[in-house]
Amino acid sequence: MKPLLTIDQLSLSLSGKEILKDVSCQFQTGSCSVLIGPSGSGKSSLLKTLNLLNEYDAGLVCFNGKDIKTISKTELRKKIGMVFQQYNLFDHLSVMDNCTLALKRVLNLKKRDAHEIAQTYLTKVKMNDYGNAFPRQLSGGQQQRVAIARAMCLQPEVLLLDEPTAALDPEMSFEVLETIKSLAEEGVTMIYVTHEINLARHLADQVIFIEEGRVVAQGDVKEVLDTTKNNRIKKFIEQIEHRLYGSE
Amino acid sequence: MNQYKLNSTFIIKVVIAVIALFIIAPDFVVLRRFVFGFGQFITPSIFVLFFAILQYTLLKNNKFMALLVWMLIFAFILLNIKDGWPTGLMVNVVLTLMCLPMTFILALLFAVLRFQSTLLVLKIFATVIIESVRGVPLIGLMIFILSVGADMVPAYWMMPKIITLWMIYSLFAGVYLAEVFRGGFQSIPKAYFDGAYALGMSPLKTYVYVLVPKVVIDTIPAAFNVYIGLFKETSLVLLFGYFDLMNIALNYLDFPEHYDESIKIYMMVLILFWIVATIMHEYGHYLFKTFSKYEAKKT
């Protein structure tokens, strides 16, 4: 099967600092890939590069076999949605307006059609009763679910999730993870940056471990997380589980 | 939602001021002349009616209708110029209302041009205009353009004086407001840009549909500061022969039989200005409360 997204020897530097070096990986249609790694390793930068929020210097990123630099940014971002760690909702717009904004202004849909689509996705994330609320009146978990609905409204082929649960407490992140799981079951291609090893175990078809801008290991969950021989990864996973479940 | 309620202190303040006016005023005819000038009732009344409609359209969030009403107001003013401009306090009020939309548009334009960094030439242009107009006194600018400037251009370029004044006031208040708006733009977190771009919006659309509405709502209190300043500065038109409130008062005091009333008259003038400024302030408060519902949770 032909991969949906291919990254080939990607290099990226931001304001003179090298962030990614020679990153190569592939994402299959309908799969869920999880990017893990320590903070500052370039995971988020890699995600932002995929929908050209960061301009890369060298290498090739292909979407559906096409170089993404040849696709217009608007077209690309319609097909690759993104969810941010800090939700990035527009505070001055209601939940419904947040969701319909892109439908009305980017896809040029009529107000009624846009509302219908937004309502569908808000129902999917169980936020359909909050259409008239404003983001600041919602809890973090609810805001993140709205952000997911907003990204899904454009019906993207790929959904990029940049640590969607990192700013949430465990209860709220559970709400969000349920939503993400249901999307994964529907076959949305997802690329997910996270520290939640357990989620990776449940969800991931592919795990990519990144450190200091390089791909250290990639493969299926067992290969990377459980039977790995790489000491660095072992230590990283140990530390996370240590933090989660306490020392003994 | 937090529905706006008329502030009771505001009502008490204005009622006290109006009572004070009636006590201070030598007689009702003088007070009426100060507010409406020499028998001009129809113009201001229609004006107030237009303003009420504008209020309604804003409340219904119908931006197109609001724009249409502003244009009607403006057309109405233009049509009225040849029949004689209103006099008294209405000069100040009408001129302020006339300047508001232009001030707003210019300010938004300059603020966006100065804030963005793609079109460098326009950025420099906006910066130069803002800094040069802000750096000179309004009265100097007015005298320069209306006297010296009038000599420098051919006669067929000459506009009615009030139009020139309208442009000067709009530009002057516009650059101040532009700086207010620019402050608003600079306080927008980068997350807004990322969020909008990730939805496939172009930079232009991001400005038009996301950033500008947010900035305009957030800066309503600061913007009304500029508008109130504009209103008070309109009394400078007395230099160019307009019978605004201040000029009428000065004229009234020129008669020997009124010499002993000067304290009363000046107090009347100041209270009248104060009442209008207070109403403007309350209106700004009302707009902010109506449009910033999303701040509800923020204390």
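Helices (H or I, at least four residues) and strands (E, at least two) are DSSP runs, counted from the N terminus. With those labels in hand, please keep in mind that this is a predicted model.

**Two backbone spots in chain A**

Most residues other than glycine have a negative phi. A:Gln155 has a phi near 50°, a positive value in a residue other than glycine. Where does A:Gln155 sit? Its place is the loop between helix H5 (140-153) and strand E7 (158-162) of chain A. A:Asp22 also has a positive phi, near 50°, and A:Asp22 is located in strand E2 (residues 17-27) of chain A.

**Where the chains meet**

The size of an interface is often given as the accessible area lost when the parts come together. Here chain B and chain A bury about 2200 Å² between them, with 64% of it on carbon and sulfur atoms. Chain B brings 22 residues to the contact, and chain A brings 24 residues.

How many salt bridges does the rule find across the interface of chain B and chain A? It finds 1, and its partners are the side chains of B:Asp194 and A:Lys48. Between chain B and chain A there are also 5 residue pairs in polar contact, both residues being at pLDDT 80 or more.

On the side of chain B that touches chain A, helix H9 (190-198) and helix H10 (203-218) each supply at least two residues. The largest share, 7 residues, comes from H9(B). By type, the residues on this side of chain B divide into 13 nonpolar, 2 polar and 7 charged.

**Salt bridges**

Side chains of opposite charge can pair when their charged atoms come close.

| Side chains | N to O distance |
|---|---|
| B:Asp194 and A:Lys48 | 3.1 Å |
| A:Lys78 and A:Glu75 | 3.1 Å |

A:Lys78 and A:Glu75 both belong to helix H2 (residues 73-79) of chain A, where they are 3 residues apart, about one turn of the helix.

**A helix pair in chain B**

Helix H12 (residues 245-254) and helix H13 (residues 262-291) of chain B pack at an angle of about 170°, and their axes are 10 Å apart. That angle is why H12(B) is roughly antiparallel to H13(B). Among the residues making the contact are B:Leu245, B:Met246 and B:Tyr252 of H12(B), together with B:Ser262, B:Ile265 and B:Phe273 of H13(B). Which kinds of residue make up the contact of H12(B) with H13(B)? They divide into 11 nonpolar, 1 polar and no charged.

How values were computed
Residues numbered from 1 in each chain as written. Chains lettered and ligands numbered in written order. Predicted model: local features only at pLDDT ≥ 70, side-chain atom pairs only at ≥ 80, totals over all residues. Heavy atoms only, no water. Axes fitted to C-alpha atoms, helices over the stretch in contact; angles between N-to-C directions. Parallel < 35°, antiparallel > 145°, perpendicular 65-115°, else oblique. Contact = heavy atoms within 4.5 Å. Nonpolar A, V, L, I, M, F, W, Y, C, P; charged D, E, K, R; others polar. Buried area = accessible area lost by both parts, 1.4 Å probe. Salt bridge = Lys/Arg side-chain N within 4 Å of Asp/Glu carboxyl O. Polar contact = N/O pair within 3.5 Å; in protein donor to acceptor, adjacent residues only side chain to side chain.
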